[in-house]
Amino acid sequence: MRPRTLLVSPLSYCVGVVMAGHRLDLVVLLGVLFHVLAPLAANAHNAVTDLVEDGRNVPGRLKLVEAAGVGLLQRVLYGSLGVMLLLSLVISFAQTLLWVFSVFLVLGYSSPRLRLKGRPVVGMAVFSMAVTEPYIAGALLGDSWWEIPHYDSSRPVVLGAFLFFWYFAKGIMKNVPDYEGDKAAGLRTIPALLPSQLAGAWVAAGATTLVYAAFPVLVLLTDMPDRTVYAGVMVIPAVANMISMVRARTPIEYNLVGQRDMYVSVVFLGLLLFAMRPSVGTALIGFLAVAVMAGADLSGSDSRVSHHITQVDSAVGVSGGGGRNR
């Protein structure tokens, strides 16, 4: 139900693979599939566990959950995790260990017992793993199943830390449109702790501007390839989008900001990937990611499109009355 959310993880994985100096081969393709299935499993799990807040934030999503059925979503969840295990066993020892971590992230983020998404800092840290874990997996990909690449510089760690904080800021932004629903569900996200949605928008705007503006500085102060500085051009659309966020007043306006932000994120990762290894292959990866996202928007298959935001007849039956209408 969220095709656009399946893209940043495989893109980050490819960035890690390039950092490791690994060629784009069959093992990398299996890793890309692994990191498409991970957010797919997370989406299926979240769709079932987030009915209360989705009933306010994205009312139309409850109808999609009802149409799909909880049983199907659970089969997608556990089927994806099972295939991910098989893939990790083929890819590498490091990826197999990271599979355990991935299962914790997928199930712990919104599970009723842990509900990590409802904790201000921990929730955003777990959300940031959507790009950090794939990047680490790619950066640890060696030439054999047991091998881990040896690095002579701090570049992999520096870029990994940046990606973590970059997506942490994105997580704050992501929760601004969900302000009312998250408060109703008792989630203690960073925006929900603030006195108003507008205050959350300002915090998200500040954090987003800071991380994008920091990237060119990071390139200049470290041994990152000089050409990667060009990915920093995305600070312009990122800041323009954040201006729209602080001006937004309706759920549709807030969600449009979120949709545009995902384009900014995907293009940023695509530019970073291409700058680290300029080739036809890396260019095609970036173009394909944007094309998939545009196709999802044009077809209306993403559950965050405007007509799902405006639907008010939520499918309370899927939760036994747990969904809320807006």
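Tutor: What follows is a set of questions on labels and the values behind them. Keep in mind that the model is predicted.

Student: What makes the pair of Phe 164 and Phe 165 edge-to-face?

Tutor: The planes of Phe 164 and Phe 165 stand at 85°. Over 60 degrees counts as edge-to-face, so the label follows. The centres are 5.2 Å apart, and pairing needs centres within 6.5 Å.

Student: Why is the pair of Trp 166 and Phe 268 called tilted?

Tutor: Its planes are 40° apart, with 5.2 Å centre to centre. Stacked needs under 30 degrees and edge-to-face over 60, so this angle is tilted. Trp 166 sits in helix H8 and Phe 268 in helix H12, 102 residues apart in the chain.

Student: How do you know whether Trp 166, Phe 268 and Phe 165 are buried or exposed?

Tutor: Buried means under 20% relative accessible area. Trp 166 has 2%, so Trp 166 is buried. Phe 268 has 0%, so Phe 268 is buried too. Exposed means over 50%. Phe 165 has 52%, and is therefore exposed.

Student: Which aromatic cluster includes Trp 166 and Phe 268?

Tutor: One that also holds Phe 127, Phe 162, Tyr 167, Tyr 212 and Phe 215. The count of aromatic pairs is 13.

Student: How do helices H1 and H7 pack?

Tutor: The axes of H1 and H7 lie 6 Å apart, at about 30°. The crossing is right-handed. Among the contact residues are Tyr 13 and Gly 16 of H1, and Pro 134 and Gly 138 of H7. Eleven residues of this contact are nonpolar, four are polar and none is charged.

Technical notes. Residues are numbered from 1 along each chain as its sequence is written. This is a predicted model: local features need pLDDT of at least 70, side-chain atom pairs count only at pLDDT 80 or more; totals for chains, interfaces and linings use all residues. Side-chain values use heavy atoms; hydrogens and water are left out. Axes are lines fitted to C-alpha atoms, for helices over the stretch in contact, and angles run from 0 to 180 degrees between N-to-C directions. Helices (H or I, at least four residues) and strands (E, at least two) are DSSP runs, numbered from the N terminus. A crossing is left-handed if the near helix is turned anticlockwise from the far one by less than a right angle, and right-handed if clockwise. Contact means heavy atoms within 4.5 Å. Ala, Val, Leu, Ile, Met, Phe, Trp, Tyr, Cys and Pro count as nonpolar, Asp, Glu, Lys and Arg as charged, and the others, Gly among them, as polar. Rings of Phe, Tyr and Trp (its six-membered ring) pair if their centres lie within 6.5 Å; planes under 30 degrees apart count as stacked, over 60 as edge-to-face and the rest as tilted. Buried means under 20% relative accessible area, exposed over 50%, partly exposed in between (1.4 Å probe, protein chains only).
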